[in-house]
Amino acid sequence: MSTAGFNSQNGTGTGQTYVNGPSQNPIGLQQLPGVSYGITHQPIYNPMQSKAPAPPGPGLYPSGPYQPIPPTSSYQPGPPLTSYPVPSGQALLTRPPMGGPPPHTPPQSASPSPGPRMPPAQATPPPPIVSSSSYYPNPQQPQTVAPTWMYNTAPPLIGPSTSLTTPSNCPKGNHVTPAASTATLPPPPLSSAVYSSVPPPPPSSALYSSVPPPPPQCATQPAGTSMPTISNQGFTQKGPAPPPMNPIAPHAYPPNRAPYGPPPTGPQPTMKPTLPPTGPPMASATPPPPKADAQGGGAVNSTLPLTEPDLQEGDIECPGTVAGNGPQAPNNYNHVENKMAGMSPPGPPGQHFGHYPSLPPGYHNTAAPHNSSPMHPAMQATTQPYSHAPQPYQQSPGGPGPAQLSPSMAAMSLQSSTPEALRVVNLLQERNLLPPTPVSAPTPCLPQDLQKINCSPEVFRCTLTSIPQTQSLLNKAKLPLGLLLHPFKDLSQLPVVTSSTIVRCRSCRTYINPFVSFLDQRRWKCNLCYRVNDVPEEFMYNPVSRSYGEPHKRPEVQNATMEFIAPSEYMLRPPQPAVYLFVIDVSHNAVETGYLDVFCQSLLDNINSLPGDSRTKIGFITFDSTIHFYNLQEGLSQPQMLIVSDIEDIFLPTPDSLLVNLNECKELVQDLLRSLPGLFQKTMETQSALGSALQAAFKLLSPTGGRMSVFQTQLPNLGAGALQSREDPNQRASAKDIQHLAPATDFYKKLALDCSGQQVAVDLFLLSSQYCDLASLGCISRYSSGSIYYYPSYHHQHNPAQVECFQKDLKRYFTRKIGFEAVMRIRCTKGLSIYTFHGNFFVRSTDLLSLPNVNPDAGFAVQMAIDENLDNMQVVSFQAALLYTSSKGERRIRVHTLCLPVVSSLADIFAGADVQAITGLLACMAVDRSVTASLSDARDALTNAAIDSLSSYRQSVLTIQQPGLLSPACLRLFPLYILALLKQKSFRTGTSTRLDDRVFTMCQLKYQPLAYAMLMIHPSLYRVDDLTDEGALNINERTIPQPRLLQLSVEKLSREGAFLMDAGTEMYLWIGRNCNPNFLNQVLGVPNSSAVPDNLFSLPELDTAESQRTRAFIGWLRDQRPFFPSLHVIRDDSQRKVCFMQNMIEDRTESALSYYEFLLHLQQQISK
């Protein structure tokens, strides 16, 4: 293995200190002695902690005691592979530490083994009656609690708090003050999420007091000013139908249009000076002192020394020149990147953003605009509030600004009108709660003009669209606070700006966005840290309208999602080329599956569509019990195979000819792909040296970085990383805890960290009918920001549905957009902090994610805490910035900004709850809980989450107590989604589930964007034997029927009908025993249901209206997601009927409750 550490990041392995980031100012980044970050955190409540045990009873979900145990494989800093040391004789990094606080990690649980959970102590006397949601198993003896998994809180900070009176003007890597911690904590095992340490005692109701917020202050627009309408040139308006997701448009600027020119030269045009805004200011013009932990408390890289600077932090956070100080240069604005529908349209012309809008303390029932976007229902729902076309704001002269609310609106409250979201629903009485159309994301209570330009919920979504003022208020609501992101999503509209100066806050490095405040033409106030910044001269010119003196009309201030083409200050070397290395299993088992022919043919078909430019490189490694390299050097008549049999000390036979330029050696590459399947057709090698092959591939890619695609068909059993089978087939249906969810070895995790350090991502394709220990192998992709593809029981003859799925996935994989050497940082308004991340990545510092590759199908989630009271704020903002190198060699920055209101009452918090986002975040947390503790603890925690939230609503929001299980309308589906999670393949018990299948679905829940994950959690059911054109969509001259969604219950099925179930990665077409013969004949081409073939995975293309409607609907559903779901046509007596029925979530099974029984269980626990 290479010992070159982070000192040769992105380099050749020789230890030179260059990265894609600027050098830092050593003076501005000096750590201040004696400054640390101490903050008094609000007491934290953990909705997912275990309750007091419920009385035993048939069919009830027990709420047993929980205490976390260490992971099976804890990864500690150790050998050079993982700790990234500097080789002897090599200079240390010349860059000083960045401006953020030194990363620290919370301590591990003091109790390594599970035992009875001890309740936390409370400051208030315990209640006289103990309920299932009580904090005390024994109210008479409150005791301290062992460390538990907490959310809504960051790890406690250490040392006294010291504030600075003057913020530094030097570039910083984070919007915090440089400081040195006065103490360090022992690092925990490295994970994608590092859990918090010992929590404070949970709050009691006495800790919450309903203090009315200060009256909103209204900023008015200067009288007599008008807002000229900007030209919409370059904007691509939404049409009646979005393009499908799978086709990828090339990276091209709008054709047949001259680029916007430089600012006009000569004397500046005369313009009227802008009067200062009237009325009391929203906040002081003097920026507050930088807060130590505005980004504090996060998952920390335990493999790095605490004093080591973040080598790529400068890429995204510290350009060499501060905005406003650099030379002027031409800037261009282009609307490019037409891909997938989903982004919010550009904001209305003529908007002017003065001070913060005055928001009402109450939650107003703002109706979502009508949505006509013809997308898949699950995806359509997420964009519904944002899919309307932009409307110019009409304002009378002298009237208030568009981003302002009148005092009369601010005085409104929930007492005067109850919004639909808070309508009381008795879950035990209303059976048909599932709406006929998909659930839409709630619309934040913001002024209309701000809501129009807010970030699309497809890209940026919060579990609570109304942020509580305090952590204690959040604890009382007992709802999780977090963000779900899809940052690199294919978008139909993506504004792109080319400029030599990217305007950012000088203190916290926030990118200018639609939610900043312009104090005048020359000054703007950051919406995250409130520092006042100067407007650079170049920013005064608007490339869209080609006018001067209107910085508030720039594209950066009109669009919540922007992409910048980064100037040279954001890189210290040329961006890396696109490099693709394929590591292929060619053992006897692999040849038997037949996947090699499909892979080679697919790559041949798409080799000209691989993203890249003239520098693109490609290479191949095959392996069985030995490692095979392929010399593809230009000038050879045919490829040369080089075999290395010493797998214990792997080396590269000819390092310079194994990765070759694709354009120069394309014919040799094509010859190899044509001959590769035949080379191993008669092999009898049964062993697999996967670990050694990965080590060789790492050595080959280390100098440049790139993407490693690994194809594996069996359990690796030879050399480094060899594994043994841990699955007991007799325990697949066990109702007890599931074992071996954690990796068996840390070999693959260590190797993934090395890959991440050298900008290498590993994508794993697992095609096997046997156990392959995905829990261990998956680490190679999880910690290198790769993807995992899993095809169980793959065989080219016996499983044609899997073959089709593999072919479609490969085409998407080869041709989709890709970003190299990426980093992502998420910022939030001062007072909020991010402390746990979910997804595939490596956490390099407290808030910086290392993503050697980023792809448009990857999702992320974060958990948040409220560190400081937000009493004086009316809105808060979140910004995600993703810096990456495009396949064309451009350094780009994609920025998403979300704005949400701050509220002071529990009713407002509940009214803004996003039930799907909450479910998605809880699923990520439950996966971590299953691995680090046990599956039963995760199941109990999910059940408790529903109990806690409904109990809080009943006790603290309802003014009139009523019998029954009561819920606000916005959370009416929460118990159903929780039950769906408990019955999902990841968390179910008592049903036969292969271990690799379970682990793969857990990976998907952590990695999939929310829209796709929700289909896995709660599938969609449609009746399709009576499709009509009524209410249908018309897309590309195709008619797409829109049937109603049905409840997942057998009572909704009919033997006379045909029903389609969309479960995300799979679809089932269930044919009733007495199905309409006309449907069978017109769609399937058979006379009756008994004639339906057993292994039918596609519909015949018949020239009938019924066939066209059915195929159009299924094709439309498939086009709305990046992966290809296989279709299984099943009869009422087919073997696959079991898989179909297992998704009937509302029905009772031998090992799980029905939906109604689950509601009774919740009511019983709440009423205790």
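Buried here means under 20% relative accessible area, exposed means over 50%, and partly exposed covers what lies in between (1.4 Å probe, protein chains only). The model is predicted, so local features need pLDDT of at least 70 and side-chain atom pairs count only at pLDDT 80 or more, while totals for chains, interfaces and linings use all residues. Residues are numbered from 1 along each chain as its sequence is written, and side-chain values use heavy atoms, with hydrogens and water left out.

Salt bridges come up first. With a salt bridge taken as a side-chain nitrogen of Lys or Arg within 4 Å of a carboxyl oxygen of Asp or Glu, a search of the whole structure turns up 29. In one of them, Arg1073 meets Asp1132 at 3.2 Å, N to O. Arg1073 sits in the loop between β33 (1066–1071) and α21 (1077–1084), and Asp1132 in the loop between β34 (1126–1131) and α23 (1137–1142), so the pair ties together parts that are 59 residues apart in sequence. Helices (H or I, at least four residues) and strands (E, at least two) are DSSP runs, numbered from the N terminus. Arg1073 is partly exposed at 43% relative accessible area, whereas Asp1132 is buried at 10%. Elsewhere, salt bridges with shared partners link Asp490, Arg812, Arg816 and Asp857 into one network.

Glu458 also has a salt-bridge partner, Lys489, with the closest N and O atoms 3.5 Å apart. Glu458 is buried at 9% relative accessibility, and Lys489 is buried at 3%.

On to the helices. In α11 (residues 747–757), 11 of the 11 residues are buried, so the helix is largely enclosed by the rest of the structure. Among them are Phe747, Tyr748, Lys749, Lys750 and Asp754. Gln759, which follows α11, has a positive phi, near 60°.

Helices α16 (residues 915–932) and α17 (residues 935–956) have axes that come within 7 Å and cross at roughly 150°. Axes are lines fitted to C-alpha atoms, for helices over the stretch in contact, and angles run from 0 to 180 degrees between N-to-C directions. Angles under 35 degrees count as roughly parallel, over 145 as roughly antiparallel, 65 to 115 as roughly perpendicular and the rest as oblique; α16 and α17 are therefore roughly antiparallel to each other.
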